[in-house]
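Dear colleague,

Please find the structure below, with the sequence. My notes on it follow.

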Amino acid sequence: MPVGTQATVKALTPGDLSAAGAQMILGNTYHLNLRPTAERIARLGGLHRFMAWDGPILTDSGGFQVFSLADLRRVDDDGVTFTSHLDGSTHRLTPERAMEVQALLGSDIAMAFDQLVDPGRPRSEIADAMERTHRWAERSLAARGRSGQAVFGIIQGGVDPRLRRASAAAIAALPFDGIAIGGLSVGESKAEMAATLEIVAEALSDDPRPRYLMGVGSPVDFFTAVALGVDLFDCVLPTRVARTGQVWTAAGRLNLRNAAFQDDPGPIDPACACEACRNHSRAYLAHLFRSRELLAYRLATVHNVTWTLELMRRLRSSLLDGSFADLHEAIVEAFRRDPGPAEDAPYDSV
Ligand SMILES: [Zn+2]
């Protein structure tokens, strides 16, 4: 799922997303509820109509952003009080309010409200947050509206094997429509992430519900996680790095701000069918980035989203025809290489 934090996947129109092959996108409850507010979006016909995207939308519960605010929030058993990063005003999210906001937005999949904790915190703190997440999971389910929204529960427990196992069992025991794995890609090592996914895969065993790894989206991570049973991902990475000039290709990461591309007449990736690769050269993109032209953002983002979704399609077919290991190896090898430093002045990402 490409991430549309503010009711837009940055620099792309819904037509661009369809052309890139996006099947579902993600919207952020925290951001949309502060501005323009869930009530306003509901009055305007819901999030699909507001942003003119008629495909499926998954909304997060706001928990991740609220807990990223660190000094700006206070947690109690009922919910979280926090200060807006926009204007310093005070807000409160509870499991019930998070579900109400997502119902107002009208997303197709709503996420249960959970408490994220830095996996580096003391075990007792991670265990407390996990227990609270389980209680909030039940309250989120009880608060689900009659809108037909699917609701996914979220497994927490840091990188502690026993806590993760307990959390997977507790969440899987509830009648959620899908199971999400939260609290990863927040500073732990790649080995810790893989070990944690392995524990979750084991605990969920043959549970048939879709499994969603939240906030993970680098090409190599897809393979690690899919090998351990994950079906669904979201991540800002492909779109965020695109706006800095980094594009993903079969040859790995390229930095279009690198001087070598100024005379390169070839496409970003000869095998890619996106608008940028069909019509434009690396040299043109390199020029747009150096000139700080707005089209640079759109073309690089169109490419990275198209390329990432095409990689997922290839990954799915590799599972069917038995070439998963070969494709995995090729991607690990390509993405091992550093994209190299930008050789022009520092560029401010928007
Ligand atoms: Zn392309």
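Serine 218 touches Lys190, Leu237 and Trp248, leaving out residues up to four places away in sequence. The model is a predicted one, and that applies to everything below. Serine 218 sits in the loop that runs between strand 10 (211-213) and helix 10 (219-227). Its relative accessible area is 15%, so serine 218 counts as buried.

Next, the metal site. Which residues hold the zinc ion? The protein donors are Cys272 (SG), Cys274 (SG), Cys277 (SG) and His303 (ND1), at 2.1 to 2.3 Å from the zinc ion. The angles that the 4 donor atoms subtend around the zinc ion run from 98 to 120°, and therefore the arrangement is tetrahedral. For reference, the ideal angle for four tetrahedral donors is 109.5 degrees. Along the sequence, the spacing of the donor residues is C-x1-C-x2-C-x25-H. Cysteine 272 belongs to the loop between strand 13 (252-255) and helix 12 (275-279), while histidine 303 is in helix 14 (residues 294-321), so this pair ties together parts that lie 31 residues apart in sequence. Are cysteine 272 and histidine 303 buried or exposed? Both are buried.

Helix 14 also takes part in a helix pair. Helix 14 packs against helix 15 (residues 324-336) at an angle of about 150°, and the two axes are 8 Å apart. On the helix 14 side the contact is made by Trp307, Leu311, Arg314, Leu315, Ser318 and Leu319, which meet Phe324, Leu327, Ile331 and Phe335 of helix 15. By class, that contact has 8 nonpolar residues, 1 polar and 1 charged.

Arg123, Ile126, Ala127, Met130, His134 and Ala137 of helix 7 meet Arg162, Leu163, Ala166, Ser167, Ala170 and Ile171 of helix 8. The residues in this contact divide into 8 nonpolar, 2 polar and 2 charged.

Some backbone details are worth checking on your screen. Arginine 35 and proline 36 are joined by a cis peptide bond, with omega about 10°. Proline 36 is placed in the loop between helix 2 (29-34) and helix 3 (38-43). Serine 185, although not a glycine, has a positive phi of about 60°. Serine 185 is in the loop between strand 9 (178-181) and helix 9 (190-204), and with a relative accessible area of 41% serine 185 is partly exposed. Serine 205 has a positive phi as well, near 45°, and is likewise a residue other than glycine. The loop that holds serine 205 runs between helix 9 and strand 10.

Proline 14 lies in helix 1 (residues 14-19) and is partly exposed, with a relative accessible area of 24%. Apart from neighbours within four places in sequence, proline 14 is in contact with Met51, Ala52 and Trp53. Where does proline 14 stand relative to arginine 144? The two are 130 residues apart in sequence, and from C-alpha to C-alpha they are 28 Å apart in space.

Regards

Note on methods. Residues are numbered from 1 along each chain as its sequence is written. This is a predicted model: local features need pLDDT of at least 70, side-chain atom pairs count only at pLDDT 80 or more; totals for chains, interfaces and linings use all residues. Side-chain values use heavy atoms; hydrogens and water are left out. Donors are N, O and S atoms within 2.8 Å of the metal (3.2 Å for Na, K and Ca); water is not among the atoms, so sites may look incomplete. Four donors count as tetrahedral if all angles lie between 85 and 135 degrees; four count as square planar and six as octahedral if opposite donors are over 155 degrees apart and all others between 65 and 115; anything else is irregular. Helices (H or I, at least four residues) and strands (E, at least two) are DSSP runs, numbered from the N terminus. Buried means under 20% relative accessible area, exposed over 50%, partly exposed in between (1.4 Å probe, protein chains only). Contact means heavy atoms within 4.5 Å. Ala, Val, Leu, Ile, Met, Phe, Trp, Tyr, Cys and Pro count as nonpolar, Asp, Glu, Lys and Arg as charged, and the others, Gly among them, as polar. Axes are lines fitted to C-alpha atoms, for helices over the stretch in contact, and angles run from 0 to 180 degrees between N-to-C directions.
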